[in-house]
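Let's sit down with this model and learn to read its features one at a time.

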Amino acid sequence: HVAMANAIARQLATIGMAPTVQAVGFDGLVKDFLAPRKFQIALLDWDEPGSDPDPYPLWHSSQATADGLNFSNWKNPQADEQLEIGRKNTDLGVRKTAYSQFQTLFAADLPALLLFHPVYEYAVADSIQNVSLPDSIHPWDRFATEAQWYIKTKPVSPLFG
């Protein structure tokens, strides 16, 4: 992360900014900078707990408090409404529409610049059958269907028949 922060700092310097990179651990970053909102730019990675990423804690206006995780203090009532709709519904179509509208509002206001989201790809030997890799949030998600995997075998005639 330090190398990435330094690269970003160099790029910002080309447009007249003079950022200072200060490497701190995650706990120190949250306690000393993010929670008290004492930063102009912060570089951090966020690992969503669970398999259903919920942007509500990071971006809903109600979370722009000393105890909340909306560290940028972004407040947008229309975005809040879409987050609430997405969070309360089990219908995937409704959720997809709500989160898509949220993303449009987020992109218009740009309270944070999201640099990347990891994509996990795995090679599987041809001998392993019935492999179905689910959409992954975490690297270990690739094993969610492991119980259904098998290796091709040849039928063996019974010894006693």
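Predicted model: local features only at pLDDT ≥ 70, side-chain atom pairs only at ≥ 80, totals over all residues.

Q: How many helices and strands does the chain have?

A: Helices (H or I, at least four residues) and strands (E, at least two) are DSSP runs, numbered from the N terminus. Here the chain has five helices and two strands, and along the sequence they come in the pattern α-α-α-α-α-β-β.

Q: What does the radius of gyration of the chain look like beside that of a compact globule?

A: The radius is taken over C-alpha atoms, and the globule rule is 2.2 Å times the number of residues to the power 0.38. For 161 residues a compact globule would come out near 15 Å, but this chain has 23 Å. Its C-alpha trace spans about 80 × 40 × 30 Å along the principal axes.

Q: What span should I expect for helix α5?

A: Take 1.5 Å times one less than the number of residues. Helix α5 (residues 92-109) has 18 residues and should span 26 Å; its end C-alpha atoms are 26 Å apart, so the two agree. Helix α1 (residues 2-13) has 12 residues and reaches 16 Å, close to the 16 Å expected.

Q: Which residues of α5 are buried, and where do they sit around the axis?

A: The thing to look at is the arc, meaning that of the directions from the helix axis to the C-beta atoms. In α5 the buried residues are Arg95, Ala98, Tyr99, Phe102 and Phe106. They cover an arc of only 95° around the axis, which puts them on the same side of α5. On the other side, Lys96, Thr104, Ala107 and Ala108 are exposed.

Q: Which residues of α1 are buried, then?

A: Ala5, Ala9 and Leu12 are. Down the axis of α1, the buried residues fall within an arc of 65°, so they line one face of the helix. Ala3, Arg10 and Gln11 are exposed on the other side of α1.

Q: How many salt bridges does a search of the whole structure find?

A: Side chains of opposite charge can pair when their charged atoms come close. The cut-off for a salt bridge is a side-chain nitrogen of Lys or Arg within 4 Å of a carboxyl oxygen of Asp or Glu. The search finds two. In one of them, Asp54 pairs with Arg87, with the closest N and O atoms 2.6 Å apart. That pair links distant parts of the chain: Asp54 is in the loop between α2 (26-34) and α3, Arg87 is in helix α4, and they are 33 residues apart.

Q: Is Asp54 buried or exposed?

A: Asp54 counts as buried, at 17% relative accessibility, while Arg87 is partly exposed at 42%.

Q: Which side chains meet in the other salt bridge?

A: Those of Asp32 and Lys31, at 3.7 Å, N to O. Asp32 is partly exposed, with a relative accessible area of 41%, and Lys31 is exposed, at 64%.

Q: Which residues make the nonpolar surface patch?

A: Patches are made of residues with over 30% relative accessible area and no salt bridge; like charges are joined within 9 Å, nonpolar side chains (Val, Leu, Ile, Met, Phe, Trp, Tyr) within 5 Å. The areas come from the Shrake-Rupley method with a 1.4 Å probe, and for residues only the protein chains shown count as cover. Here Phe26, Leu44, Trp46 and Leu69 make a patch of about 320 Å². Leu69 lies in the loop between α3 (56-59) and α4 (77-88), and at 30% relative accessibility Leu69 counts as partly exposed.

Q: Last one: where is Pro155?

A: Pro155 sits in the segment after β2 (150-151) and is exposed, with a relative accessible area of 80%. Sequence and space can both be checked here: Pro155 and Tyr56 are 99 residues apart in sequence and 53 Å apart in space, C-alpha to C-alpha.

Conventions:
Residues numbered from 1 in each chain as written. Heavy atoms only, no water. Buried < 20%, exposed > 50% of the residue type's maximum accessible area, 1.4 Å probe, protein only.
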